[in-house]
Amino acid sequence: MARVLVVDDERGLRLSLQAFLENDGYEVETAEDVPAALDVLEREQVDIVVSDIIMPGESGVQLLARIHERNGGIAVILLTGEPNVDTAAEAVRLGAFEYLSKPISKSALLATVARAARAKAQHDENLRLAAENERYREDLESLVEVRTSELSVALRGTISVLGQALERRDPYT
């Protein structure tokens, strides 16, 4: 199951989101602000971040930007109690997976996190396949190089044998 980091300065909401997600089978870490979230991201592997936008200090949008600078594979879901077209546009521009308005229902949260988990799993599978393809390409190049070398040696041997046969051959027969 996916690992989720919930970031919100409101302790009650943070704990509610954590309970919803844990009851649905997710492993959940929490943080009360951006510095604490970045600390968790340094220590733990996280698949999805659910973050409030408006927090003291740095905002959830700033957290999103910092996450994507470090690891573009983490799906970030932003929550806001004060929807704003400019903030939504900035969130989308920075690669937010989703932008949701508070209050958010349990079913909406779980559906969005499930979609994010599927997208993250697909992203990880694409990376795995790309790495596997690169290994296959390298192996194939190596095999071609070895086979080319073998054929070159065999060709030189054939040319040598033919040359010797031609030298021994009586030109008048």
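Let me start with E58. E58 is partly exposed, with a relative accessible area of 24%. On this scale, buried means under 20%, exposed means over 50%, and partly exposed is in between, using a 1.4 Å probe and protein chains only.

A word on the source. This is a predicted model: local features need pLDDT of at least 70, side-chain atom pairs count only at pLDDT 80 or more, and totals for chains, interfaces and linings use all residues. Residues are numbered from 1 along each chain as its sequence is written, and side-chain values use heavy atoms, with hydrogens and water left out.

Back to E58. Which residue forms a salt bridge with E58? The partner is R66, and the closest N and O atoms are 2.8 Å apart. A salt bridge here is a side-chain nitrogen of Lys or Arg within 4 Å of a carboxyl oxygen of Asp or Glu. R66 is also partly exposed, at 28% relative accessibility. How many salt bridges does the whole structure hold? The search finds 17.

Now to helix α5, which spans residues 106–168. Helices are DSSP runs of H or I with at least four residues, strands are runs of E with at least two, and both are numbered from the N terminus. R128 is partly exposed at 39%. E125 is partly exposed at 31%.

Next pair. E141 and R137 form a salt bridge at 2.4 Å, N to O. Both lie in α5, 4 residues apart, about one turn of the helix. E141 comes out partly exposed at 45%, and R137 partly exposed at 37%. Elsewhere, salt bridges with shared partners link R3, E27, E29, D39, R43 and E44 into one network.

Is T112 buried or exposed? T112 is buried, with a relative accessible area of 5%. Its side chain reaches the backbone oxygen of A108 at 2.8 Å. Setting aside neighbours within four places in sequence, T112 is in contact (heavy atoms within 4.5 Å) with I77, F97, E98 and L100.

R156 is also found in helix α5. R156 is exposed, at 52% relative accessible area. Where does L21 lie relative to R156? The two are 135 residues apart in sequence and 69 Å apart in space, C-alpha to C-alpha.

Last, the sheet. This is an open sheet of 5 strands, in the order β2-β1-β3-β4-β5, with parallel pairing. The edge strands are β2 (27–31) and β5 (98–101), and each pairs on one side only. Neighbouring strands are turned by 20° against each other on average, direction ignored. Axes are lines fitted to C-alpha atoms, for helices over the stretch in contact, and angles run from 0 to 180 degrees between N-to-C directions.

Two strands pair if DSSP finds at least two bridges between them. Strand β1 (residues 3–7) and β2 pair in the parallel sense over 5 bridges. Within that pairing, L5 stands opposite E29 in β2. E29 is also one of the residues in the salt-bridge network.

Terms used. Polar contact = N/O pair within 3.5 Å; in protein donor to acceptor, adjacent residues only side chain to side chain.
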